[in-house]
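This briefing covers aromatic rings and the charged side chains placed over them. Please look through the sequence and the structure before reading on.

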Amino acid sequence: QVPLVESGGGLVQPGGSLRLSCEASRSIFTNSNMAWYRKGPGPQREWIATIMMGGYTAYADSVKGRFTISRDIAKNTVFLQMNSLKPEDTAVYYCKGLNYPDWGQGTQVTVSS
């Protein structure tokens, strides 16, 4: 089984919304806090949000109030609801189990008019 599979990216206009999904292997999902990252034109991946196994969530200041991380435990899936999207949100978005080294292939989000 592929450890992490992200989906849901696409082209959206500024102010629009997208919902990203990340299906994780059961071992990653059940043994790790899960997080979303993104990589834009800069050299580093940027941390976006974390959902802990107990359900607590945390967000980067750049997305707080606009993005929401959630999960479906039965489906080993983590979601990222992105609202009020801005051009600077354009990036490849990745999910990750924080106790594991694996990265998925990412999903491209482009915010442009």
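The model is predicted. Two aromatic pairs turn up in a search of the whole structure. Ring pairs join Y37, Y94 and W103 into a cluster.

**Ring pairs**

- Y37 and W103 make an edge-to-face pair, with 5.2 Å from centre to centre and 75° between the planes.
- Y37 belongs to strand β4, residues 34-39, while W103 sits in the loop between β9 (91-97) and β10 (107-111), so this pair ties together parts that are 66 residues apart in sequence.
- Y94 and W103 have ring centres 6.0 Å apart and planes at 85°, so this pair is edge-to-face.
- The 85° angle of Y94 and W103 falls in the edge-to-face class because that class takes planes over 60 degrees apart.

**Burial of the cluster**

- Y37 is buried, and its relative accessible area is 17%.
- Y94 also counts as buried, at 11% relative accessibility.
- W103 is partly exposed, with 34% relative accessible area.
- The cut-off behind these labels is that buried means under 20% relative accessible area.

**Charges over rings**

- K96 lies over the face of W103, 5.5 Å from the ring centre.
- W103 is also a member of the cluster with Y37 and Y94.
- R19 lies over the face of F79, at 3.9 Å from the ring centre.

Definitions and conventions: Residues are numbered from 1 along each chain as its sequence is written. This is a predicted model: local features need pLDDT of at least 70, side-chain atom pairs count only at pLDDT 80 or more; totals for chains, interfaces and linings use all residues. Side-chain values use heavy atoms; hydrogens and water are left out. Rings of Phe, Tyr and Trp (its six-membered ring) pair if their centres lie within 6.5 Å; planes under 30 degrees apart count as stacked, over 60 as edge-to-face and the rest as tilted. Helices (H or I, at least four residues) and strands (E, at least two) are DSSP runs, numbered from the N terminus. Buried means under 20% relative accessible area, exposed over 50%, partly exposed in between (1.4 Å probe, protein chains only). A charge sits over a ring if NZ of Lys or CZ of Arg is within 6 Å of the ring centre and within 35 degrees of the ring normal.
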